[in-house]
Amino acid sequence: MSNPKVNMSIQAAKKVNGLADPTKPFSSFMKYNKNDLDMTMQFIKAPAMTTFLKAKIFSMVKDNMMETYKKCPWGWNGKDKRAELFHKDSRYILVRHLSNNSLAAFVHFRFDIENLIEVLYLYEIQIDKNVRGKGLGRYLMSLLETIAFHYKMKRIVLTVLKSEEDVVKFYFSLQYEIESYSPEDAFYYILSKKKKTLELVKN
């Protein structure tokens, strides 16, 4: 028997997924000019990516995460990671240097169903080592939070490795909490946020 509430959640996620560009209402915020950074941002769906762009994204994930993955039970599987990154429902905010258009960071997310409710699921936020510590990560999270709750998603959800202590602290500082269904004895946390707390400020 179908569940009306779950069906409504599925339709809510499907509706946002059908938008050509869910960042459009926030176009004036799709840039970051602060702390010696001059960045522009672009929304793109994975199916619209060029082979060259996919290679750049995969390379950044590999450089930033491969050794960390190797040390946890997940291990590193390039084929599986590519499948996750470039799934038909994957959505991205790309961050590029305004000076040369090179990729500096990206956010990978999906509008999806998690634990029977509609959510924005954050899969990746990857930032090049050369532009870290300048507030870009926090700004991207505030942008993502604004988008999620604008479209009435019930939560933002993400998975983070417990071994990545600085990353865990970062999310806790943004008022993310451990989900009730996050396995206690696992090597990762499932974190979520139920309401908007970060103010998106033009820079």
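Mentor: Helices (H or I, at least four residues) and strands (E, at least two) are DSSP runs, numbered from the N terminus. Two housekeeping points follow. Residues are numbered from 1 along each chain as its sequence is written, and side-chain values use heavy atoms, with hydrogens and water left out. This is a predicted model, where local features need pLDDT of at least 70, side-chain atom pairs count only at pLDDT 80 or more, and totals for chains, interfaces and linings use all residues.

Trainee: How many bridges join E7 to E8?

Mentor: E7 pairs with strand E8 (residues 188-193) over 2 bridges, in the antiparallel sense. To find the spot, look at Glu177, which stands opposite Ser192 in E8. E8 also runs antiparallel to E6, and 6 bridges join those two. On that side, Ile156 stands opposite Lys193 in E8.

Trainee: Is E8 mostly covered or mostly open?

Mentor: Mostly covered. Buried means under 20% relative accessible area, exposed means over 50%, and partly exposed lies in between (1.4 Å probe, protein chains only). In E8, 5 of the 6 residues are buried.

Trainee: Now a single residue. Where does Val107 lie, and what is it in contact with?

Mentor: Val107 lies in strand E4 (residues 103-114). Its relative accessible area is 2%, so Val107 is buried. Contact means heavy atoms within 4.5 Å. Leave aside the neighbours within four places in sequence, and the contacts of Val107 include Tyr92, Ile93, Leu122, Glu124 and Leu144. Phe58 is 49 residues away from Val107 in sequence, with 13 Å between the C-alpha atoms.

Trainee: And Ile127: buried or exposed?

Mentor: Buried, at 13% relative accessibility. Ile127 is found in strand E5. Beyond four places in sequence, the residues in contact with Ile127 are Met60, Asn64, Ala104, Ala105, Arg132, Leu136 and Gly137. Lys62 lies 65 residues from Ile127 in sequence and 12 Å away in space, C-alpha to C-alpha.

Trainee: On to charges. How many salt bridges does the structure hold?

Mentor: It holds 7. A salt bridge is a side-chain nitrogen of Lys or Arg within 4 Å of a carboxyl oxygen of Asp or Glu. Take Lys70 and Glu67 as one case, with the closest N and O atoms 3.6 Å apart. Being 3 residues apart in helix H2, they are separated by about one helical turn. Glu67 has 46% relative accessibility, so Glu67 counts as partly exposed.

Trainee: Which residues are linked in a network of salt bridges?

Mentor: Lys81, Glu84 and Glu124. Lys81 meets Glu84 at 2.8 Å, N to O. Both lie in helix H3, 3 residues apart, about one turn of the helix. Glu84 is partly exposed at 26% relative accessibility. Lys81 also bridges to Glu124, the closest N and O atoms being 2.5 Å apart. That pair links distant parts of the chain: Glu124 in strand E5 and Lys81 in helix H3 are 43 residues apart. Both ends are buried, Lys81 at 6% and Glu124 at 4%.

Trainee: Last, the largest pocket. What volume does it have?

Mentor: About 1,000 Å³. On a 1 Å grid over the protein atoms alone, a pocket is an open set of points where a 1.4 Å probe fits, with protein on both sides within 12 Å along at least five of seven lines; lining residues have an atom within 4 Å of a point. Points are joined across faces, edges and corners, and the volume is the space filled by probe spheres set on them.

Trainee: Which residues lie nearest the centre of the largest pocket?

Mentor: Met65, Ile125, Gln126, Val167 and Tyr171, out of 37 lining residues. Elements supplying at least two lining residues each include helix H2 (51-70), helix H3 (78-85) and strand E6 (155-161). E5 gives the most, with 7 residues. By class, the lining has 17 nonpolar, 9 polar and 11 charged residues. Ala, Val, Leu, Ile, Met, Phe, Trp, Tyr, Cys and Pro count as nonpolar, Asp, Glu, Lys and Arg as charged, and the others, Gly among them, as polar.

Technical notes
Pairing = 2+ DSSP bridges.
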